[in-house]
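Please read this briefing alongside the sequence and the model.

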Amino acid sequence: MTVGDQVSDFELEDETRTPRRLSELLEKGPVVLFFYPMASSGGCTQEACHFRDLAAEFAAVGAQPVGISSDDVARQSTFAGAHSLGYPLLSDTGHRVAKEMGAYRAWLPGGLHTRRRTYVIGQDRRIVAEFASESRFAEHADQALEVVRKHAAA
């Protein structure tokens with residue numbers, strides 16, 4: 001998916017087993033949906049904690065981060081609790097949403113099929129921006145915050 005595409009109104013369970021629908025998450029403002037390969041790994045922890053550290057700045061412009069990986073709900077819960085993340089972590093165990101959005105890679109051995117990608121999604125479910133970097137763990141949150149600030153000002 002690319003900028004301007006409309007994301008389907010998917011529903012996945014979060015780290016508390018609460019079903020979360022994209023349209024409901026978007027009711028309060030834009031969603032910064034970031035895909036990460038594996039909960040509690042070094043890079044994913046850095047990325048998730050950076051989103052946590054910027055949560056007040058996202059909230060100030062009416063946006064919220066939402067993490068998503070193929071980890072099961074129990075692993076997401078452990079990850080969220082260990083780092084006091086404070087935002088939803090969605091469990092996409094079948095890679096359905098990752099495949100739909102282009103955040104899936106079938107060729108990687110070892111089961112790490114989720115690609116590190118971040119999408120800023122407007123309240124109309126259209127993609128406002130997309131970021132892809134497998135190794136710059138803090139960059140996505142910084143870039144997304146810049147986009148939502150500009151989006152809020154427009």
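Two strands are said to pair if DSSP finds at least two bridges between them. In this predicted model, strand S4 (residues 64-69) and S5 meet that condition, since 3 bridges join them and the two strands run parallel.

**The sheet**
- The sheet is open and is formed by 5 strands in the order S5-S4-S3-S6-S7, with mixed pairing.
- Strand S5 (89-91) and S7 are the edge strands, each of which pairs on one side only, and from one strand to the next the twist averages 20°.
- Where S4 and S5 run side by side as parallel strands, Ile 68 stands opposite Leu 90 in S5.

**Helices on the sheet**
- Helix H4 lies across S4 and S5, and runs at about 165° to S5.
- Helix H6 packs on the sheet, where it touches S3, strand S6 (117-121) and S7, and its direction makes about 165° with that of S7.

**The nonpolar cores**
- The largest nonpolar core has 24 residues, of which Phe 58, Leu 85 and Val 120 touch the most other members.
- Two or more residues of this core come from each of strand S3 (31-35), helix H2 (42-53), helix H4 (73-83), strand S7 (127-132) and helix H6 (139-153), and H6 gives the largest share, 5 residues.
- Leu 85, when its neighbours within four places in sequence are left aside, is in contact with Ala 48, Cys 49, Arg 52, Phe 79 and Ala 80.
- Another core, of 19 residues, lies apart from the largest one, and among its members are Leu 25, Leu 33, Phe 35 and Ile 68.

How values were computed: Residues numbered from 1 in each chain as written. Predicted model: local features only at pLDDT ≥ 70, side-chain atom pairs only at ≥ 80, totals over all residues. Heavy atoms only, no water. Core = buried A, V, L, I, M, F, W, Y, C linked by side-chain atoms within 4.5 Å. Buried < 20%, exposed > 50% of the residue type's maximum accessible area, 1.4 Å probe, protein only. Helix = DSSP H or I, 4+ residues; strand = E, 2+ residues; numbered from the N terminus. Contact = heavy atoms within 4.5 Å. Axes fitted to C-alpha atoms, helices over the stretch in contact; angles between N-to-C directions.
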